[in-house]
Amino acid sequence: MIKFLDLGKVNNRFRDVMDARIAKILDKGWYLQGEENEVFTKHFADFCGTKYALGVANGLDALRLIIKASGFGEGDEIIVPANTYIATILAISDNGCTPVLVEPDINSYNINPDLIEVAITPKTKAIMVVHLYGQAVQMEKIWAVAKKHNLKVFEDCAQAHGAYYQGKRIGSLSDAAAFSFYPGKNLGALGDAGAVVSNDKELIDKVKALANYGSDRKYHHIYKGLNSRLDEIQAAVLDVKLPYLDEDNARRREIAKYYREHITNAKIILPKVYDELAHVWHVFVVRTQERDRFQQYLTDKGIQTIIHYPTPPHKQLAYQEWNNRSYPITEEIHRTVISLPISPMMTDEEVRKVVKVVNEW
Ligand SMILES: *Cc1c(COP(=O)(O)O)cnc(C)c1O
């Protein structure tokens with residue numbers, strides 16, 4: 001069987017080095033807010049090309065904290081793509097803000113920049129872009145609208161670690177950006193983990209305090225904060241893996257290129273790419289009108305697939321106040337998408353088999 005993603009295989013490449021780094025933590029007996037956090041966040045900020053990075057507990061918290069630290073809450077609106085993973089939207093509503101859903105571009109699957117301006121009201125405070133499936137949003141128009149209306153721009157980078165836009169890494173393209181290191185992401189921990197990156201010292205300091213019970217120093221609480229920290233073991237694991245991220249992304253690009261050149265089945269709509277380096281292929285999403293039948297066929301042939309995602313946020317019970325709304329492009333995407341296996345650990349033989357099986361459908 002060709003697995004969608006073999007995480008054991010991904011991580012066991014680093015087994016010896018990880019064992020040694022974790023043993024060092026056990027020897028020291030220091031588990032939170034220590035040297036491993038300092039080392040990893042310094043390396044991660046350098047990688048992203050930002051001045052600062054701060055480790056937090058997960059990607060959703062990174063998003064929540066950015067909004068909270070920006071001072072946005074009840075009565076404020078934040079623009080967000082309608083077809084993102086629900087976490088992006090949860091982070092907005094969790095702060096008491098109103099998520100304003102904007103339809104994606106059917107070609108890039110990212111937010112359609114031409115639909116943002118009509119969604120802006122006097123209450124709009126920010127645009128939250130999502131580099132969905134691993135492809136960097138084309139930021140030019142986003143920046144222009146944000147500048148014109150004096151809005152903050154934030155990035156949800158949970159699916160696109162290492163992608164470039166105009167020679168700069170995603171994460172460095174906005175006021176603040178959130179990363180998730182959930183195990184299955186392109187840079188994944190051995191559990192939950194996340195980070196906020198930014199060039200804004202004041203904002204990062206505030207995120208840091210908010211993530212630590214609102215304290216700027218021990219037992220001195222200046223905000224009503226929460227507890228969301230990156231533990232030392234996950235920081236060490238991520239620091240071991242970070243130097244190999246570009247290599248892994250290059251292998252993902254190679255597989256994606258092979259798929260795009262060799263999948264010729266007319267019933268399959270392949271992903272569109274505006275720049276090779278802008279995409280890190282977190283998932284390889286194709287579309288077909290007979291999605292469920294196609295998935296069953298692949299399962300029968302021993303190829304595991306996943307749907308990203310089967311139900312759009314506005315049709316979820318959690319947002320039942322939106323259930324009657326219609327976002328046709330978002331709904332069409334959710335109805336037709338299916339993700340083929342793409343992992344840096346796939347062999348050439350497996351990649352060729354996927355192509356053969358897909359073309360024979
Ligand atoms: C994974 C993901 C998140 C949430 O990250 P967690 O670490 O799982 O909390 C947020 N946004 C997007 C787009 C994601 O893919």
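## Exercises on backbone, pockets and strands

Gln33 is partly exposed, with a relative accessible area of 46%, where buried means under 20%, exposed over 50% and partly exposed in between (1.4 Å probe, protein chains only). The model is predicted, so that local features need pLDDT of at least 70 and side-chain atom pairs pLDDT 80 or more, while totals for chains, interfaces and linings use all residues. Residues are numbered from 1 along each chain as its sequence is written, and side-chain values use heavy atoms, with hydrogens and water left out.

**Exercise 1.** Describe the backbone at Gln33, at Gln166 and at the bond between His308 and Tyr309.

*Solution.* Next, read phi at Gln33, which is positive and near 50° although the residue is not a glycine; Gln33 belongs to the loop between α2 (15-28) and α3, where helices (H or I, at least four residues) and strands (E, at least two) are DSSP runs numbered from the N terminus. Then turn to Gln166, another residue that is not glycine, whose phi is positive at about 50°. Gln166 is found in the loop between β6 (164-165) and β7 (168-169), and with a relative accessible area of 53% it is exposed. Finally, take the peptide bond between His308 and Tyr309, which is cis with omega at about 5°; Tyr309 sits in the loop between α10 (291-300) and α11 (328-336).

**Exercise 2.** Characterise the largest pocket by its volume, its central residues and the class make-up of its lining.

*Solution.* The volume comes first, at about 860 Å³. A pocket is an open set of points on a 1 Å grid over the protein atoms alone, where a 1.4 Å probe fits, with protein on both sides within 12 Å along at least five of seven lines, and lining residues have an atom within 4 Å of a point; the volume is the space filled by probe spheres set on the points, which are joined across faces, edges and corners. Among the 34 lining residues, Gln33, Asn37, Leu54, Lys208 and Asn212 are closest to the centre of the largest pocket. Two or more lining residues come from each of α3 (35-48), β1 (52-56), α7 (201-210) and β10 (215-217), and α3 contributes the most, with six. Sorted by class, the lining comprises 14 nonpolar, nine polar and 11 charged residues, with Ala, Val, Leu, Ile, Met, Phe, Trp, Tyr, Cys and Pro counted as nonpolar, Asp, Glu, Lys and Arg as charged, and the others, Gly among them, as polar.

**Exercise 3.** Carry out this analysis for the second largest pocket.

*Solution.* The volume of the second largest pocket is about 670 Å³. Of its 33 lining residues, Tyr85, Tyr182, Lys185, His282 and Tyr309 lie closest to the centre. The elements that supply two or more residues to this lining are α4 (59-69), α5 (86-94) and β8 (176-180).
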